[in-house]
Amino acid sequence: MRSTLTGMESEVAFAAYACQRGFSNSAGLGEELRRTGGISRRIFVVSSFPITSDGLTCQSIWTDCERPVADDNDCDVDHKMGLADRRGGQLMLAKTTLGNTDINVTRLGFGTLVMGSLQANLPPEEGAKVIRRAFEQGISFLDTAHVYGSYEHIRKAKEGWKQELVIATKTPASDYDKTERHINYALEALDVESLDIMLMHAARAGEDVFQERAGAYQCLCDYREKGLIKAIGVSTHHAGTVRVAGSRDDVDVIHPLINMAGTGILGGTVGDMASAIEAASRNGKGIYAMKALAGGSLLERMDEAFKFVMGLPGIDAVVVGMVSEAEVDMNCRIFRGEVVHDKEREVTFREKRLKIVEVYCKGCGRCVDACPNGALSMVDGKSSVDESKCLLCGYCTPACPEFAIRVI
Ligand code: SF4
Ligand code: SF4
């Protein structure tokens, strides 16, 4: 996808967009944009390049392959980085085993945080439809958490679905009793006989988390022993916690935050996190990454961002938040190494908006200073976005020390 335009390209794009919208020249379009308040630069840019059915070349993001293809599935050069394989003549999302567990997951997983009550707050029926679409596209790995408010979406989505699914969830509890309650709640709310993966939800906690929440972790160990949880571990934004978890014998799975911009990584740099992940993987831990798109701020560089994370040594899978069927289709096509047109990307981008996750916002105001478009202001001690001014440029996201700003 283009991220910058030269003056000449801008003129060509503007004329193309005017033509698409039925104007005989760009002046007519300019008049309409002034009347309607305009469009964002990004939507303008991606809308300006029409889909053509002639002259397609392979657009797999995973290599520089540019073989001519007759249709979207034609290129069968082995350039899928183990993310897809051909079964029965069809390209399918590939599966892998998480570390030393016997749990098989699709390398592209579905993150349900974004659709849950903390963010997009989709009604369960609507969320279930999106998840079901993911099942149909071959995704069999879901990530959720006690606090995401997405158990009902998942339960509805899997009603009547006969094929194998893996569901990972997390508990924010610190003590034994509360953890036990969260386990039993998850078993019932997800309508499962055992939990595939349950992690200590410790996003911002440092490397002492296993001491600080020893009761909670003991409970996870006991329930794994009883056979009610298959694999346990920790989800974290902290490089030190990944290092510690990676060296513990009682950890099966780690869910670390990693992205090429380093957004949200605590306790070190991208390089520190990457080497902690690699060491943990070498020690047999299953690793599935989160925030590969940095809470949505890398959406416009998504190919590069996915390629970065999936190319890191030790990454078994990545979970990506999705809120629409179009987004599911697009991500599955990318991971299968198929052609994805700019127009398809535009359909999903157009529905995106900026979200301040209020429970995380500490009201420091740094995002307000970082926004070049005057779209953010402080309201009742929390940051608030004026959507009519927000261009989804992403400048505010890295400015937030709490990782409270997301594009959903
Ligand atoms: S900095 Fe943030 S709030 Fe401001 S326009 Fe960009 S994405 Fe929107
Ligand atoms: S930078 Fe983050 S924590 Fe600070 S006001 Fe903005 S959203 Fe809230």
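Tutor: The shell around ligand 2 holds eight nonpolar, three polar and three charged residues. Here Ala, Val, Leu, Ile, Met, Phe, Trp, Tyr, Cys and Pro count as nonpolar, Asp, Glu, Lys and Arg as charged, and the others, Gly among them, as polar. There are 14 residues around ligand 2, and C361, C364, C367, S383 and C400 come nearest; a residue counts as near if its C-beta atom, placed from the backbone, lies within 6 Å of the molecule or strand. The model is predicted, so local features need pLDDT of at least 70 and side-chain atom pairs count only at pLDDT 80 or more, whereas totals for chains, interfaces and linings use all residues. Residues are numbered from 1 along each chain as its sequence is written, and chains are lettered from A and ligands numbered from 1 in the order in which they are written.

Ligand 1 also has 14 residues around it, of which C371, A375, C390, C393 and C396 come nearest. Its shell has twelve nonpolar, two polar and no charged residues.

The protein as a whole has 14 helices and 16 strands; these are DSSP runs numbered from the N terminus, helices being H or I of at least four residues and strands E of at least two. Of its 408 residues, 45% count as buried, that is, with 20 or more other C-beta atoms within 10 Å of their own, while 12 or fewer means exposed and anything in between partly exposed.

Helix α9 (residues 239-247) has A239, T241, V242, V244, A245 and G246 buried. Among the elements that cover them are α7 (209-212), β9 (229-236), β10 (253-256) and α10 (270-282). By contrast, R181 belongs to helix α6 (residues 176-189) and is partly exposed, because 14 other C-beta atoms lie within 10 Å.

Two helices may be considered as a pair. The axes of α4 (residues 124-136) and α5 (residues 151-158) come within 8 Å and cross at roughly 55°. That angle makes α4 oblique to α5, a word for angles that are not under 35 degrees (roughly parallel), over 145 (roughly antiparallel) or 65 to 115 (roughly perpendicular). Residues of α4 in the contact include P124, I131 and F135, and those of α5 include H153 and I154; two residues are in contact if their C-beta atoms, placed from the backbone, lie within 7 Å. By class, this contact has six nonpolar, two polar and four charged residues.

How values were computed. Axes fitted to C-alpha atoms, helices over the stretch in contact; angles between N-to-C directions.
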